[in-house]
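These are my notes on a predicted model. I record below what I looked up, entry by entry.

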Amino acid sequence: MKRYFFLTIIVISLFIIDCLIPCKIIAGNCADYAVRAEFIQKKAVPGDIITLRLSFEIPAGFKLSDNPEIKGLKDFDILNKNNRANGIEIDIFVDSMEDINLPGLEIYVYDQDGKQKTLKSNPAVLAVEPLIKVKPAENLLRPIKELISTEYGIKRILLLVLAAVLIILVIIAIYFIFKYHQRRKSDPEVPAQEPYLKALNRIDELVAQGIPDGREGKAFCFILSEILREYMGAIRNFNALEMTTHEIAGLVKDKNDIQLLNLLKRIDLVKFADAFMSKTAFEEQVSLSLEYINQTKPKEV
């Protein structure tokens, strides 16, 4: 009985040690990393808000600040940090179609004398899936032999028909090119509309259709975001329409542009994360958009 008793004690002790000290973490064992980093979600799509959990124990005599300093998150769009028992949870906005590759992070804790200690985490990866999935089998071309006979007579007829169609298309193209040049000669050139005027007119048209309320404003946010991105790209000389908010943030330095980025991030939450926004909040977004355009338009206007 004593033998079984001691064997049971040993097994229970090993189980408790295994629970208290996490073993292998992605790229190393518990001796390599003081912090265990893991994503709560198993996968994500662009527009999701994911949660990164950092689990660790604060060394004796040290403490964690209310807003802990974490090195390695500068390339991520951080929405919120929450200090939890034995760890931190961080909400991150997914604004890219690429997989999220989290590097090894460094968390700083301090003792009463201000002495710093660095806790390092393991790297982690979260797969990001595209919003639109295409099945490769649906894109395969069907063999033409199943549709058209390959006999010599049929081939000759098809070649003649194709040649006739090409001749007709060339004649039509020449006709329209001729008419276009004739119209250009007779009509004066219409000057291109200034970017700020185009943006203001589009916002007026959008507002005229009515300010939405609640969760009905997703289409409104898509159009407003397109107007602002098109205007910013026109005055800053880059294609903002084809870039994510995070990519734009790496290019702009102007104070007005940075303020607009905060507006675009809130709009992205409605576009991709189904965030709620009241009618008053939508009116505020429109007001801030008009203010940005008026502050960045040519001074002589």
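Does Tyr 292 count as buried or exposed, and at what relative accessibility? I read 3% relative accessibility for Tyr 292, so it counts as buried, the cut-off for that class being under 20%.

Entry on aromatic pairs. I searched the whole structure and found four aromatic pairs. One of them joins Phe 220 and Phe 282 edge-to-face, with 5.5 Å centre to centre and 70° between the planes. I placed Phe 220 in helix α4 (residues 218-236) and Phe 282 in helix α7 (residues 279-296), so this pair ties together parts that are 62 residues apart in sequence. I noted both Phe 220 and Phe 282 as buried.

I then looked up Tyr 231 and Tyr 292, an aromatic pair that is also edge-to-face: 5.9 Å centre to centre and 90° between the planes. Because Tyr 231 lies in helix α4 and Tyr 292 in helix α7, the pair ties together parts that are 61 residues apart in sequence. For Tyr 231 I read 2% relative accessibility, and therefore it counts as buried.

Entry on helix α4. I checked its length: at 1.5 Å a residue, the 19 residues of α4 should span 27 Å, and the end C-alpha atoms are 27 Å apart, which agrees. I listed the buried residues of α4, among them Cys 221, Leu 224, Ile 227, Leu 228, Arg 229 and Met 232. The buried residues of α4 pack against α3 (195-208), α5 (245-249), α6 (255-273) and α7. Last, I looked at what follows α4: it is Asn 237, with a positive phi near 60°.

Definitions and conventions. Residues are numbered from 1 along each chain as its sequence is written. This is a predicted model: local features need pLDDT of at least 70, side-chain atom pairs count only at pLDDT 80 or more; totals for chains, interfaces and linings use all residues. Side-chain values use heavy atoms; hydrogens and water are left out. Rings of Phe, Tyr and Trp (its six-membered ring) pair if their centres lie within 6.5 Å; planes under 30 degrees apart count as stacked, over 60 as edge-to-face and the rest as tilted. Helices (H or I, at least four residues) and strands (E, at least two) are DSSP runs, numbered from the N terminus. Buried means under 20% relative accessible area, exposed over 50%, partly exposed in between (1.4 Å probe, protein chains only). The expected span of a helix is 1.5 Å times one less than its number of residues. Contact means heavy atoms within 4.5 Å.
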